[in-house]
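User: I would like to learn how to read a model like this one, feature by feature. Could you take me through it slowly, giving the idea before the case?

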Amino acid sequence: MRALTVRDRDAGPTLTDLPYPHAAENDVIVRVHAAGFTPGELDWPATWTDRAGRDRTPSVPGHEVAGVVAELGYGTTGLTVGQRVFGLVDWTRDGSLAEYTAVEARNLAPLAADIDYPVAAALPISGLTAWQGLFDHGGLTTGQTVLVHGAAGGVGSIAVQLAREIGARVIGTGRAADRDVVLDLGAHAFLDLATDPWTDAGEVDVVFDVIGGDVLERSAALVRPGGTLVTIAAPPTASPKDGRAVFFVVEPDRARLADLAQRLRDGRLRLLIGDVRPLAEAAEAFTHHRRTRGKTIIQVAADGS
């Protein structure tokens with residue numbers, strides 16, 4: 001099968017041939033129709049080593065998958081061959097930028113026929129990260145105020161919509177060109193990180209950061225006493241006064257994936273998808289990622305729509 005692989009950090013990814021994956025116990029082999037990736041994956045230790053710390057190259061990046069069940073491993077239940085599915089591939093296993101990939105069945109959710117594969121592939125990491133960051137780690141509730149950094153990106157755009165839906169006041173941040181998009185998603189206010197005074201945001205109950213660096217460090221001062229700074233970028237070195245600072249890595253959640261997919265079907269959630277490229281262009285998309293609104297998706301199968 002064709003797959004995008006990485007062998008060392010300097011060489012970057014290349015499209016090559018790999019053996020068809022093995023379905024271990026409780027695994028599913030998915031024929032990949034569309035796949036999502038995170039530009040920073042080459043910096044993740046799990047891209048290069050397995051759970052025991054052993055080299056696992058050549059490895060396949062990409063951890064969001066949408067496709068069809070091609071094979072069931074021994075003991076696998078809850079899914080059937082030919083079923084449409086989407087979900088997360090384990091961080092320490094070969095990923096989704098391939099024609100076939102092996103996934104734990106529990107990390108996949110059924111995919112309704114009226115959701116296209118590229119749309120489904122844009123949802124798992126961004127959707128679960130947004131939900132877990134806002135509610136599981138941030139504890140956001142109705143009537144509170146949340147500031148979402150990178151509100152026009154894949155994670156931030158979903159976070160804005162979820163927070164607005166539960167009745168929170170939402171402040172989105174980004175560049176000037178993002179303002180109209182973020183307000184259209186439902187944010188009550190927009191803060192241009194480059195030009196607007198950060199004091200315009202006032203005190204907030206939750207800051208959800210996806211940017212890191214100076215933006216993360218400066219954000220602690222925006223959180224009111226008892227509030228929470230949540231980030232997926234890096235462990236924060238500054239904490240809010242009388243508040244919490246939380247760094248987390250998204251976890252698979254089949255039930256939540258199904259809930260998010262239903263929100264898509266109901267029109268309560270919109271995804272911002274940027275480029276959709278074929279597998280032949282995956283290496284270029286992966287290594288020369290330019291800042292776009294939404295998420296870049298790789299359409300693997302020719303009938304991947």
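## Reading the features

Analyst: With a relative accessibility of 38%, Asn26 counts as partly exposed, a class that lies between buried (under 20% relative accessible area) and exposed (over 50%), as found with a 1.4 Å probe on protein chains only. Please keep in mind that this is a predicted model, in which local features need pLDDT of at least 70 and side-chain atom pairs count only at pLDDT 80 or more, whereas totals for chains, interfaces and linings use all residues. Residues are numbered from 1 along each chain as its sequence is written, and side-chain values use heavy atoms, with hydrogens and water left out.

User: What is the phi of Asn26, and where is the place of this residue?

Analyst: Asn26 is not a glycine, yet its phi is positive, at about 70°. This residue sits in the loop between β2 (14–17) and β3, where strands are DSSP runs of E with at least two residues, helices are runs of H or I with at least four, and both are numbered from the N terminus. Asp242 is another residue other than glycine with a positive phi, near 60°; it belongs to the loop between β12 (223–231) and β13 (244–247), and it is exposed, with a relative accessible area of 60%.

User: Which peptide bond is cis?

Analyst: The bond from Thr57 to Pro58 is cis, with omega near 5°, and Pro58 lies in the loop between β3 (27–36) and β4 (64–72).

User: How should I read a sheet, and in what order do its strands come?

Analyst: In general, strands of a sheet pair through backbone hydrogen bonds, either parallel or antiparallel. Here 6 strands form an open sheet with parallel pairing, in the order β10-β9-β8-β11-β12-β13, where two strands count as paired if DSSP finds at least two bridges between them. β10 (189–192) and β13 are the edge strands, each with a single partner, so one side of each has no neighbour in the sheet. From one strand to the next, the twist averages 15°. Within this sheet, β8 (145–148) and β11 (204–209) pair in the parallel sense over 3 bridges, and Val146 has Val206 in β11 as its bridge partner.

User: Which strands does α2 touch as it packs on the sheet?

Analyst: α2 touches β8, β11, β12 and β13, and its direction makes about 150° with that of β11; contact means heavy atoms within 4.5 Å, while such angles run from 0 to 180 degrees between N-to-C directions of lines fitted to C-alpha atoms, for helices over the stretch in contact. α3 lies across β8, β9 (169–174) and β11, and it runs at about 170° to β8.

User: How do I read a helix, and which residues of α6 are buried?

Analyst: An α-helix has 3.6 residues a turn, so residues three or four places apart point the same way. In α6, the buried residues are Leu257, Leu260, Ala261, Arg263 and Leu264. Seen down the axis of α6, these residues fall within an arc of 150°, so they line one face of the helix; the arc is that of the directions from the helix axis to the C-beta atoms. They pack against several elements, among them β5 (84–88), α1 (117–121) and α3 (154–165). Just after α6, Gly267 takes a positive phi of about 80°.
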